[in-house]
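Please examine the sequence and the three-dimensional model shown here before reading the account below.

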Amino acid sequence: SEILLSFIGACFVVHPHVSQSVFELWAILKDANRDSKLPPGVLQKVLQRLAGPCVTSFVRFSRFDSPHADDRAELVQLRSALQDILVDMYCIAATLGEVNSVMGLLLGHLERAESSKDAVGMEVVWFAFSGIAEVLADEPTIPDAYAGVVQSVCRFSAGTEEQIITGSTLLRNCGPHFEKHLQAHLAPAVQWLVGMVARVPVETSEAVLELCGYAGKLLLPHVEEFLKVVVQVAPSVSAEVDASLHGALVGITRSLPAEQAVLAFAKICEGASAALASGVDIAGEAGRS
């Protein structure tokens, strides 16, 4: 069995086409474990031996600068498939009490990528954490590793559009946990997203709306600062993005007492009221929006 596990581990890192086939092992093991078809101890041994090669394979072959993909569409499809199966591996680890070992492997790759200023490497690990966060949406807690992951996103100041989108998606998928477990990182996360609206308007504004929907009341001390930024960017973004940003502001202020909430809502709408008062050109697309 040791020879077989060593061989499978090597297959993970040979080539993405080989890796994708071997990745399917986790889905098979997940189903077999669910149906109680595995002898005791086997699944834990397999996880301990193969989790490392699996994560290394994912990080190597899912990079956007991977030399192994023939075209972009093929790479995107491969990333999605490997992410799904990586989530299966995480779910297996959760049933065995091995979550911290899987989180540690991913976090190690993230820390090495950040320390070497490898933005592409950071993005691919965010992508992995994002997929796992999605299945944790209804769980009462999220692994402690996510605090460090969120902080790495908030430290990210320059990169490509796809890297910002992945960071935004990760923060959005962590949304249900910002009210409690990730509360200390809520304000920096929203500030980072708002700061990226000018570069990637739709995904960042939707993530802001999502976070404020879950934990907006915790952002009341920052509402004035947020409002100023929204007023500044509103004229240069689409109606869809503007609606998301103003909706996020409403999400922050809705927990106020009724009288204060009305005043806050009026202040939020001041920008739109000023535009209407000064006259809006309905002949243009912006005016019609």
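This is a predicted model: local features need pLDDT of at least 70, side-chain atom pairs count only at pLDDT 80 or more; totals for chains, interfaces and linings use all residues.

Residues are numbered from 1 along each chain as its sequence is written, and side-chain values use heavy atoms, with hydrogens and water left out.

Helix α4 comprises residues 72-96; helices here are DSSP runs of H or I with at least four residues, numbered from the N terminus. Its 25 residues should span 36 Å at 1.5 Å a residue, and the 36 Å between its end C-alpha atoms agrees with this; the expected span is 1.5 Å times one less than the number of residues. At the start of α4, the backbone nitrogen of A73 has a side-chain oxygen of D71 within 3.2 Å. This is a polar contact, that is, a pair of N or O atoms within 3.5 Å, one able to donate a hydrogen and the other to accept it, where residues adjacent in sequence count only if both atoms are side-chain atoms. Just after the helix, G97 adopts a positive phi of about 75°.

Helix α2 (residues 16-34) packs against α4 at an angle of about 35°, with the axes 9 Å apart. Axes are lines fitted to C-alpha atoms over the stretch in contact, and angles run from 0 to 180 degrees between N-to-C directions. Contributors to the contact (heavy atoms within 4.5 Å) include F23, W26 and A27 of α2 and L82, I85 and M89 of α4.

Within α4 lies L82, which counts as buried at 0% relative accessibility; buried means under 20% relative accessible area with a 1.4 Å probe, protein chains only. Beyond its neighbours within four places in sequence, L82 is in contact with Q20, F23, F58 and S62. The C-alpha atoms of L82 and S62 are 7.9 Å apart, although 20 residues separate the two in sequence.

S168 is located in helix α8 (residues 161-173) and is buried, with a relative accessible area of 1%. A polar atom of its side chain lies 2.8 Å from the backbone oxygen of I164.

Methods: Helices (H or I, at least four residues) and strands (E, at least two) are DSSP runs, numbered from the N terminus. Buried means under 20% relative accessible area, exposed over 50%, partly exposed in between (1.4 Å probe, protein chains only).
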